[in-house]
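The sequence and structure go in first.

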Amino acid sequence: MQIVVDLNRCQGYAQCVFLAPEVFELHGEEALMYEPTVPADQRERVRRAVAACPVQAILSGESAVADVR
């Protein structure tokens, strides 16, 4: 599973960090760092984080791969 975060859209609500802390990490108050290749054991957590993002800044699966290209 691949993910991409639109950092221009991200507002730093950090719902992803709370739901998948092994994939997403907040540096300071607004700088989001993330692992674009999601480990198999974190996929369900990341799916929940994608759904919980209030500004829909996280893309996963095929849509994420297309945006990277």
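Which residues does Arg 43 touch, not counting residues up to four places away in sequence? I looked up the contacts, taken as heavy atoms within 4.5 Å, and found Met 1 and Val 38 for Arg 43.

Notes on the source. This is a predicted model, in which local features need pLDDT of at least 70 and side-chain atom pairs count only at pLDDT 80 or more, while totals for chains, interfaces and linings use all residues. Residues are numbered from 1 along each chain as its sequence is written, and side-chain values use heavy atoms, with hydrogens and water left out.

Arg 43 and its surroundings. I placed Arg 43 in helix α2; helices (H or I, at least four residues) and strands (E, at least two) are DSSP runs numbered from the N terminus. Arg 43 and Met 1 are 42 residues apart in sequence, yet 7.2 Å apart in space, C-alpha to C-alpha. For exposure I used relative accessible area with a 1.4 Å probe and protein chains only: buried is under 20%, exposed is over 50%, and partly exposed is in between. Arg 43, at 31%, is partly exposed.

Gln 42. I found this residue in the loop between β3 (31–34) and α2. With neighbours within four places in sequence set aside, Gln 42 is in contact with Glu 22 and Val 23.

Salt bridges. Side chains of opposite charge can pair when their charged atoms come close. I counted a salt bridge where a side-chain nitrogen of Lys or Arg is within 4 Å of a carboxyl oxygen of Asp or Glu. The structure has two of them. In one, Glu 44 meets Arg 47 at 3.7 Å, N to O. These two residues are three apart in helix α2 (residues 43–52), about one turn of the helix. Glu 44 is partly exposed at 42% relative accessibility, and Arg 47 is partly exposed at 43%. I also noted a salt bridge between Arg 48 and Glu 44, with the closest N and O atoms 3.6 Å apart. Arg 48 and Glu 44 are separated by about one helical turn because they are four residues apart in helix α2. Shared partners join Glu 44, Arg 47 and Arg 48 into one network.

Cavity. I searched a 1 Å grid over the protein atoms alone, where a cavity is a set of points at which a 1.4 Å probe fits but cannot get out, and lining residues have an atom within 4 Å of a point. Grid points are joined across faces, edges and corners, and a volume is the space filled by probe spheres set on the points. I found one cavity of 30 Å³ or more. The largest cavity holds about 90 Å³. It is lined by 14 residues, and Cys 10, Ala 14, Gln 15, Cys 16 and Cys 53 are the closest to its centre.

Cysteines. How many disulfides are there? I took a disulfide as a pair of cysteine sulfur atoms within 2.5 Å, and the count is zero. Cys 10 is in no disulfide, its nearest cysteine sulfur being that of Cys 16, 6.3 Å away. Cys 16 is buried, at 9% relative accessibility.

Terms used
On a 1 Å grid over the protein atoms alone, a cavity is a set of points where a 1.4 Å probe fits but cannot get out, and a pocket is an open set with protein on both sides within 12 Å along at least five of seven lines; lining residues have an atom within 4 Å of a point.
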